[in-house]
Amino acid sequence: MIPDTQVPAAKPAAKYRSQLRIYVDMMYVIQRENNEAKPTRILYGANLSHDRLVKYLEELQSLGVIQETGIDDKVYSLTQKGTEFLNNFRRVESFASAFGFKI
Amino acid sequence: MVGPSWFFGFGSMMEFISFVIAIAVAYQALKAYKLSKEKTLLYLNLSFVLIGAGLLIDGLSSLIVLLARAHREFLYLFGVGYTINFFAQLVAYGLLVYAYVHQTRNLTAATEVLAAVPVMFFERNAVTELILIFLLVYIAIQTGINYSIHKNTNSMLVFGAFASLSVAHVFFLIFTVAPLFYPFAQITQLFGFLLLLAMLLRVNQPA
């Protein structure tokens with residue numbers, strides 16, 4: 001699970017949510033690609049600009065939820081921590097959605 | 001709330017079961033809030049904590065009266081338990097209505113007034129049961145709309161739960177003139193919470 005401390009509390013809630021949503025969308029793309037996604041796939045899948053992709057990939061790596069696994073080409077995969085986070089998020093999303101609340 | 005004497009222990013037992021389910025829903029909502037920082041989920045958490053606390057207090061007070069039935073001085077606990085449970089539910093469902101209004105982008109004057117209802121009528125005991133029904137029907141409609149959009153089992157279970165709770169409170173209202181309706185009200189209320197439990201179990205089943 002991504003610790004709360006990773007996102008500054010001073011940021012507005014909407015900004016935090018959108019950042020979390022982007023993180024999750026990127027991680028979903030990696031998972032969909034059999035846990036081996038090239039940056040281009042993540043860029044299109046999560047609908048990001050190149051600059052933001054680079055920024056968020058670095059952030060996700062520093063959070064320890066994804067890792068760079070490619071030798072010649074850059075390929076990203078979810079870590080164990082990332083897989084657990086995504087499973088938790090899926091449960092939470094499903095729970096909130098049952099009540100009609102969006103995350 | 002008294003009800004027929006033959007139903008005495010069962011009512012408390014059902015309220016304890018409902019209390020456990022309400023707290024489980026509150027816990028799940030808290031977990032969801034911690035992860036997402038979405039305020040509506042905090043309202044959902046507070047709402048179910050209040051519902052659970054109200055049910056526990058009402059169940060406990062009924063049980064104390066039942067166990068000490070030889071001592072008539074304990075009878076006032078019925079009123080205390082019911083009143084606390086009633087106001088806890090009033091605030092809880094008011095919070096849920098607020099959560100639905102809060103997440104709706106196009107606020108209308110009507111929905112703003114609707115959210116303020118529990119505050120305005122907080123002390124009017126004569127109409128409070130009707131207000132609870134009013135709030136629950138509003139929540140049931142919102143969850144029904146959500147089900148009509150998503151068409152999945154979890155949203156259907158939540159819609160079914162709030163529809164059952166609405167019917168239960170209609171029975172509680174009728175009970176004031178026809179005591180036979182008290183068991184129906186309790187059973188329908190328990191059924192509503194069991195639907196919420198089914199949703200929780202589905203959400204938490206391994207992927």
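How many salt bridges are there between chain B and chain A? The count is 0. Keep that in mind as we walk through this structure, which is a predicted model.

Let's start with what the two chains do share. Put together, chain B and chain A bury about 2100 Å² between them, and 66% of that is on carbon and sulfur atoms. Chain B brings 33 residues to the contact, while chain A brings 19 residues.

Now zoom in on one spot where the chains touch. The crossing here is left-handed. Who's touching whom? On the α4(A) side you'll find A:F85, A:F89, A:V92, A:F95 and A:F99, and they meet B:V25, B:Q28, B:A29, B:K31, B:A32 and B:L35 of α1(B). Sort those residues by class and you get 9 nonpolar, 1 polar and 1 charged.

Next, stay inside chain B and find helix α2 (residues 39-67). One of its neighbours is helix α3 (residues 76-103) of chain B; the two axes come within 8 Å and cross at roughly 165°. Since an angle over 145 degrees counts as roughly antiparallel, that is the label for α2(B) and α3(B). Their crossing is left-handed. Sorted by class, this contact has 22 nonpolar, 9 polar and 1 charged residues.

The same helix α2(B) also packs against helix α7 (residues 181-203) of chain B, at an angle of about 140° and with the axes 14 Å apart. That makes α2(B) and α7(B) oblique to each other, and they too cross in a left-handed way. From α2(B) come B:F48, B:I51 and B:L55, and from α7(B) come B:Q189, B:F193 and B:L196. That gives 5 nonpolar residues, 1 polar and no charged ones.

So where might you go looking for a salt bridge? Over all chains the count comes to 5. One to look up is in chain A, where the side chains of A:D25 and A:R21 meet at 3.6 Å, N to O. Both residues sit in helix α1 (residues 13-32) of chain A, 4 residues apart, which is about one turn of the helix.

Note on methods:
Residues are numbered from 1 along each chain as its sequence is written. Chains are lettered from A and ligands numbered from 1 in the order in which they are written. This is a predicted model: local features need pLDDT of at least 70, side-chain atom pairs count only at pLDDT 80 or more; totals for chains, interfaces and linings use all residues. Side-chain values use heavy atoms; hydrogens and water are left out. Axes are lines fitted to C-alpha atoms, for helices over the stretch in contact, and angles run from 0 to 180 degrees between N-to-C directions. Helices (H or I, at least four residues) and strands (E, at least two) are DSSP runs, numbered from the N terminus. Angles under 35 degrees count as roughly parallel, over 145 as roughly antiparallel, 65 to 115 as roughly perpendicular and the rest as oblique. A crossing is left-handed if the near helix is turned anticlockwise from the far one by less than a right angle, and right-handed if clockwise. Ala, Val, Leu, Ile, Met, Phe, Trp, Tyr, Cys and Pro count as nonpolar, Asp, Glu, Lys and Arg as charged, and the others, Gly among them, as polar. Contact means heavy atoms within 4.5 Å. Buried area is the accessible area (1.4 Å probe) that two parts lose on being put together, summed over both. A salt bridge is a side-chain nitrogen of Lys or Arg within 4 Å of a carboxyl oxygen of Asp or Glu.
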